[in-house]
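Student: Could we walk through how to read strand pairing and helix packing in a model?
Tutor: Gladly; let us look at it together.

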Amino acid sequence: MSIPQERRLVTAIPGPKSQELLARKQAAVPPGIGTTLPVFVTRAGGGVVEDADGNSLIDFGSGIAVTSVGNAAPRVVERVSKQVADFTHTCFMVTPYESYVEVCEKLNQITPGEHDKRTFLVNSGAEAVENAIKVARHATGRQAVVVFDHGYHGRTLLTMTLTAKNMPYKQGFGPYAPEVYRVPLAYPFRWPGENPADEAYAQAVDMIEKQVGARNVAAVVIEPIAGEGGFIEPAKGFLPRIAEYCRANGIVFVADEVQTGFARTGDMFACEDEGVVPDIICTAKGIAGGLPLAGVTGRAELMDKVHVGGLGGTYGGNPLACEAALAVLETIEQDDLVAKARRIGEVMLPRLRALQERFPIIGDVRGRGAMIAIELVEPGTKNPNPAAVQEIVKRCHAEGLIILTAGTYGNVLRFLPPLVMPEHLLEEGLGILEKAFS
């Protein structure tokens, strides 16, 4: 890899050039587009990001779980460079090309379940979720959609409606889409009872039966691990029971694997951990090494019901993004990134649990593979502590470690290192985090 795999600070963070660019951003871009860390990137790869001032930062964010194979990954660069010289766009709905078909074939093959599948490609996670609901409604003739507390599904009108958290995603943007119903999630750290899987399932089903009627539900949409909600892994048994309920009632079970897919959790897809087979699976983020692409993969009998022209979009399955996706899938397989994700979890979780024993501000440590989080609380309680999260983030950023936040209550630190991150950088990043807590 051409970019040195080291943390290097030559200015304060952000440095003078980044500050200059930030002033330009503020004059040209509306403030609604927030920025976690205003260092302007010039190069990135492996486990580091270089900025305009020559600083090299350790990347625990991967562009929100996108650059799992690393930034400017060699196979991605090679395939995209060749494609950009051949053609950049024809629109698959006008004159098709092989790479789109090949990506769809791969997704049909690697997603959970042995059944006959179909895939089509769109541009973003939100678009994938929205299209999954279109398919489910068309195939079932029903309208209602059931989602869960702490869920996040996107920023379009429908997916913003599906999303649980008001601020910043929904505030002032209503009215929202109709026929969306929210039920409890089995959130182990915050569930008030003794048995979150059984109790949350019973409550969810009771609400569906009473408020909606199972025969009116087209789809249940769930993230196997809630992402923006705080990397909440539902209590074991909850997900399979929800899937079984859907099967028994003719409801389409949609897994939103936008953030969890493509080896991130130490399985190719997070559903595999409990053997859950979705009717439709939505993928994006880690699929194409940073190029905009998303997939909707579902049972053939559902997908084939939609009339010709009912699905599509001008840019969906752009040829550059398709080549990038094929390179990403090859990299995951050839470099065994599923195992590397598990290794990241093996390194991080014990270090973070040791930190939890030292600092009562850490209420919970959770996650799988390279999708890890810690939830901060007021010591001795479960009261969320978002102020502490902001302080830790500030200290980490100043030391050249990029980390992200999450959580319904804004009190979760989430870690999404590239799966190709060298272990010495992972250890160094954890050291910076420990120092921030100290």
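Tutor: Start with Val 220, which stands opposite Phe 253 in strand 8. This is a predicted model, where local features need pLDDT of at least 70, side-chain atom pairs count only at pLDDT 80 or more, and totals for chains, interfaces and linings use all residues. Residues are numbered from 1 along each chain as its sequence is written, and side-chain values use heavy atoms, leaving out hydrogens and water.

Student: How many bridges join strand 7 to strand 8?

Tutor: Two strands pair if DSSP finds at least two bridges between them; strands are DSSP runs of E, at least two residues, and helices are runs of H or I, at least four, each numbered from the N terminus. Here strand 7 (residues 217–222) and strand 8 (residues 252–256) run parallel and are joined by four bridges.

Student: In what order do the strands of the open sheet come?

Tutor: Its seven strands follow the order 4-10-9-8-7-5-6, with mixed pairing. Strand 4 (117–122) and strand 6 (180–183) are the edges, each pairing on one side only.

Student: And how are two packed helices described?

Tutor: By the angle between their axes and the distance between the axes. Axes are lines fitted to C-alpha atoms, for helices over the stretch in contact, and angles run from 0 to 180 degrees between N-to-C directions. For helix 4 (residues 98–110) and helix 10 (residues 319–334), the axes come within 9 Å and cross at roughly 40°. That makes helix 4 oblique to helix 10, since under 35 degrees counts as roughly parallel, over 145 as roughly antiparallel, 65 to 115 as roughly perpendicular and the rest as oblique.
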